[in-house]
Amino acid sequence: MYVYDDFDRAFVAERNRQFRDQVARRIDGSLTEDEFKPLRLMNGLYLQLHAYMLRVAVPYGTLNPGQLRALAAIADRWDKGYGHVTTRQNMQFNWPRLTDVPDMLDALAEVGLHAIQTSGNTIRNVTSDPFAGAAADEIADPRPYAELIRQWSTDHPEFQFLPRKFKVAVTGSPDDRAVTKAHDIGLRMVAPDMFEVIVGGGLGRTPMIGKVLRDRLPAADLLPYLEAVVGTYNLLGRRDNKFKARIKITVHENGLETVRDLVEARFAEIAPGFDAAATQAHLARLKRMFAPPALGAAGDLPYQAARGADPVFRAWADTNLHPHRDSGHAIVTISLKAHGATPGDVTADQMRCIADLAERLGHGEIRFSHEQNIVLPHVARADLPALHKALKGQGLATANVGLVSDIIACPGMDYCALATARSIPVAQQIARRVEALKIEHDIGPLKIKISGCINACGHHHVGHIGILGLDRAGVENYQITLGGDGSQDAVLGERTGPGFAHDQIVPAVERILHTYLALRTGPGETFLHTWRRIGLAPFKEALYAA
């Protein structure tokens, strides 16, 4: 993984020094909240419903054990003993005191972390496939390219005041686990050192699936082409209305062909000014830093024995493991969705446990996923029984990855100043209900995503079942969409009809689940396949005829 050099350390230290002074001036009244707001946002500090919230950048979701232990220590010392993994692969602390934030940032800097550009109208934390560098279907590890983009975009002088926030996702696999088509720019590797460039995707108030701007872009042209795209958006994007300021609206209003012509013209203009050889040399250096670990040979007997003897282990292995490019290893997803828990929350003790296990059994690599789980990408299959036992001891062995209770949920009105409805309690109640009904494993793969407002931080538009909480005349109301998909076949969900009150939304979801079970052709037909075969009508009847 990338390790800070002297330049990085000096840069972050200076930013922290500046922010410490800005915090001091806010506390002594020299700065008003209005004056302080843009300064704190540049350093990832929000003022939420009940307290400040610090959003820590985790580039492409990759951490080492020392960094996760540092996050645990921060949670214990300056927060309430836990952190929250977000859909941007970041970690949020929901309860810091303003006076403590400079010390928190210094503690992060000691392990190569910061909170720069996790907020504001800038290029945000670059996200990627949480299975990067390990997945069996991978063309190449996308993280060196993501790191190259991170370095290019951090404090880029032209892109610090964009019309709106700007999100980039990179994947190196045909199976899109980074939701690239719902990002401002999605980069999908189609061959080694070759990307398809997708532009204008995004969720929120006006959800759109991204469109292909370039079907083949050599990696050597990545930075000048991205600079051309963002530069075109910076000039063309609307600043008169924040709800129409994202690049998806720019593409929609001007047309893809117009945007493409402007981008290509700008690219032709600026590309000669980029030192392609230097970029390639730097990219080669980054690739060496992300070299795969030496995995070695590993036997399979302990794994097979545990599968045969322990049904609990077998259920966990069936849902929480993913094929590794090395047949003797597995990618392990640690669910942060125990039934009834807050999706994405992880305690300091759990963080330390995961850090220890990553060090002992996982070649020291840890990933945060956009689905609010934690991934150990390189675990020998022989070590899986021991890993499972250790995870059980910390309440981290829930066998539900990809199932109904593996719900993405934004913080909602329990924390967020923008939210107009609660998300977390809805997720908790759905998870408890499917557990009580004992139907989760029968249902199989199904993604539920919940947002507590129109901003769609819970990605509800691309949930197989999407739930959007809104305020209707002072009452929480929940709209349902069906058939959304965030994969390489990305599509927005279809709204079913009128929303449901808070006490009606869980029974409504239950009716959808029973309708699916009754109408599927068999256990091999997933919810999404059934939806695509039978459409809205049977689900609508189940929802509204009751």
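View 1. At 4% relative accessibility, Ala 456 counts as buried (buried is under 20% relative accessible area, exposed over 50%, partly exposed in between, with a 1.4 Å probe and protein chains only). This is a predicted model, where local features need pLDDT of at least 70, side-chain atom pairs count only at pLDDT 80 or more, and totals for chains, interfaces and linings use all residues. Residues are numbered from 1 along each chain as its sequence is written, and side-chain values use heavy atoms, with hydrogens and water left out. Find Ala 456 in the loop between strand S17 (448–451) and strand S18 (465–472). Its phi is positive, about 65 degrees, even though Ala 456 isn't a glycine. Most residues other than glycine have a negative phi.

**View 2. Lys 438 also has a positive phi, of about 55 degrees.** Here, too, the residue is not a glycine. Lys 438 lies in the loop joining helix H14 (424–437) and helix H15 (440–443) (helices, H or I, at least four residues, and strands, E, at least two, are DSSP runs numbered from the N terminus). Is Lys 438 buried or exposed? With 68% relative accessibility, Lys 438 counts as exposed.

View 3. How many disulfides does the structure hold? The count is 0, where a disulfide is a pair of cysteine sulfur atoms within 2.5 Å. Take Cys 410: its closest cysteine sulfur belongs to Cys 457 and is 6.2 Å away, so that's too far for a bond. Cys 410 is buried, at 8% relative accessibility.

**View 4. The largest nonpolar core brings together 57 residues.** Such a core is a set of buried Ala, Val, Leu, Ile, Met, Phe, Trp, Tyr and Cys residues joined through side-chain atoms within 4.5 Å. Leu 71, Trp 316, Leu 384 and Leu 387 have the most contacts inside it. Helix H12 (residues 348–361) gives the most to this core, with 8 residues. Apart from this core lies another, of 43 residues, including Trp 152, Leu 187, Met 189 and Leu 213.

**View 5. Zoom in on Leu 71 and its contacts.** Which residues does Leu 71 touch? Leaving out residues up to four places away in sequence, Leu 71 touches Val 56, Leu 63, Met 91, Phe 93, Leu 108, Leu 113, Met 351 and Phe 368. Contact here means heavy atoms within 4.5 Å.
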